[in-house]
Amino acid sequence: AGRIGDTIVQESAAHQGAEPPEVVIVGFGPAGQIAARDLVDRSIRVTVLELNQAGVQKAKQLGFHAEVGDATQTEVLEHARVAESQVVVITIPHHKSALAVLSHIRSHAPQVHTIVRARYAVFQDDFVIAGADKISGDEQQVGENLAVHLKQWLGSGGKSQPSSRED
């Protein structure tokens, strides 16, 4: 199976006897981890697909089933039983890769609800055309967050406040 590797096949074979995932998260960087927060400690079956071993380890620490794999490859989606899931959350920032994943899901599992991250607003229409059910735009969220901070600054009479980092 070429690009999926022995590790994926072995983990997936063991996972095949289990119930299919209810939720599949593609990409487990900061956006995927934030998206998954409400799934921790619930009796919801979650599978994470991630290219980075550190992301896979983090997902496993949170109690999720996780596999190293390239979700743009149909075989990886099949092994993860995406077609049997109820929802797929695509969090990868690369526009063309996210579209490829969405296209594979729409071709093989049109009934699955899809939530897609659009890093740039200019690409949101591409995801709509490709069949995304919900789209979350990074630029919109960042702009709203910046507006909140600006409003707070204005409310303080334009006085500087101590610096803080918000994710």
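Tutor: In this predicted model, strand β1 (residues 23-26), helix α2 (residues 30-36) and strand β2 form a right-handed β-α-β unit. From β2, the chain passes through helix α3 (residues 53-61) to β3, and this β-α-β crossover is right-handed. Strand β2 belongs to both of these passages, and β2 is the part examined here.

The pairing of β2 may be taken strand by strand. With β1, β2 pairs in the parallel sense over four bridges; within this pairing, Val23 stands opposite Val46. With strand β3 (residues 65-68), the sense is again parallel, over four bridges, and the bridge partner of Glu50 in β3 is Val68.

The burial of β2 (residues 46-50) is as follows. Five of its five residues are buried, so the strand is largely enclosed by the rest of the structure. Both faces are covered: Val46, Val48 and Glu50 lie on one side, Thr47 and Leu49 on the other, and all of these are buried.

Part of the surroundings of β2 is supplied by α3, whose buried residues pack against β2 and β3. In α3, Gly55, Val56 and Ala59 are buried. Viewed down the helix axis, the buried residues of α3 fall within an arc of 100°, so they line one face of the helix. An α-helix has 3.6 residues a turn, so residues three or four places apart point the same way. On the other side of α3, Ala54 and Gln61 are exposed.

After α3 comes Gly63, whose phi is positive, near 95°.

Thr91 is placed in the loop between β4 (87-90) and α5 (95-108). Its relative accessibility is 6%, so Thr91 counts as buried. The side chain of Thr91 reaches the backbone oxygen of Gly27 at 2.8 Å. Apart from neighbours within four places in sequence, the contacts of Thr91 are Ile25, Val26, Gly27, Phe28, Ala31, Gly32 and Arg117.

In summary, β2 pairs in the parallel sense with β1 and with β3, and the buried residues of α3 pack against β2 and β3.

Technical notes
Residues numbered from 1 in each chain as written. Predicted model: local features only at pLDDT ≥ 70, side-chain atom pairs only at ≥ 80, totals over all residues. Heavy atoms only, no water. Buried < 20%, exposed > 50% of the residue type's maximum accessible area, 1.4 Å probe, protein only. Helix = DSSP H or I, 4+ residues; strand = E, 2+ residues; numbered from the N terminus. Pairing = 2+ DSSP bridges. Right-handed = clockwise from strand over helix to strand, strands pointing away. Arc of directions from axis to C-beta. Contact = heavy atoms within 4.5 Å. Polar contact = N/O pair within 3.5 Å; in protein donor to acceptor, adjacent residues only side chain to side chain.
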